[in-house]
Amino acid sequence: MPKTRYETLALAALALACQNGREAPKTTTATHAELVQRGERLVQLGGCSDCHTPVAFDPKLKLPLPQRELFLAGHPAGAPGPEAKPGATDTAVIGPTFTSFAAPFGVVYAKNLTPDPETGLGSWSESDFIKTMQTGHERGTGRPLLPPMPWQNLATQPVEELRAIYSYLRTVRPVKNRVPEPEVPAPVIAAIGASFPKPEKGID
Ligand code: HEC
């Protein structure tokens, strides 16, 4: 026998009620574990390790391979930088560990992103990290970040994605490695910084 309109509506309402009853209350806030997992994927996708993990030449494979024990530890202290100076039309010459970059304006070394408190990002708060990525200045007001750090790509990301990256970076193995300061004259650093507009206020 065909159902009346009211019976159909009642059944639909019942189905909906059952479904609602089964479902756990939805939460929009990611758990810490989810945030870390998302951060790990973003770091993989963002290619952070390509510049922040030194490579070593593997003679068997005849390939430069990432040094896993120095994951995200930046340019190893004491390691050689680029041998050659960039030629007249070169953008940069990359050193043997792929963590040092000789640009026409000077040499820049990839930083230690591990949570080591003295030589890495251990002392950085979440807000320090987010401000740095959003403004291109260390902790929002400090020294301008130099190329080739692609902070402009990170600046366009929602804060939640930056929080995820920061949360993941806290979980990697801390490595004590003091990265050399860039060999770039102070006025050139200032000029690079001034060429990027600063936001009017921070995120706080
Ligand atoms: C093309 C190479 C390259 C890539 C890719 C790269 N970085 Fe960098 N990064 C650098 C260099 C070089 C520096 C040092 C810049 C300087 O001294 O001003 C740096 C600096 C930083 C700093 C500042 C740290 C400090 O102590 O001041 C942070 C944070 C950072 N990178 C995070 C990241 C993250 C996160 C990713 C991936 C999403 C990433 N980087 C991808 C090259 C790179």
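This is a predicted model: local features need pLDDT of at least 70, side-chain atom pairs count only at pLDDT 80 or more; totals for chains, interfaces and linings use all residues.
Local features need pLDDT of at least 70, side-chain atom pairs count only at pLDDT 80 or more, and totals for chains, interfaces and linings use all residues. Residues are numbered from 1 along each chain as its sequence is written.

Start with the cartoon view. The protein has seven helices and five strands (DSSP runs, numbered from the N terminus: H or I of at least four residues for helices, E of at least two for strands). From the N terminus, the order is α-α-α-β-β-β-β-β-α-α-α-α.

Next, select the ligand. There are 22 residues around the ligand, and Gly46, Cys48, Cys51, Leu146 and Met149 come nearest (a residue counts if its C-beta atom, placed from the backbone, lies within 6 Å). Now select residues 48-52: this is helix α3, which gives four residues, the largest share of the shell.

The largest nonpolar core has 17 residues, of which Phe129, Leu162, Ile165, Tyr166 and Leu169 touch the most other members. A nonpolar core is a set of buried Ala, Val, Leu, Ile, Met, Phe, Trp, Tyr and Cys residues joined through C-beta atoms within 7 Å; buried means that 20 or more other C-beta atoms lie within 10 Å of the residue's own, all placed from the backbone. The elements giving two or more residues to this core are α4 and α6, and α6 gives the most, with six.

Finally, select Phe101, Val108, Ala110 and Leu145. These are among the eleven residues of another core, apart from the largest one.

Key: A residue is buried if 20 or more other C-beta atoms lie within 10 Å of its own, exposed if 12 or fewer, and partly exposed in between; C-beta atoms are placed from the backbone.
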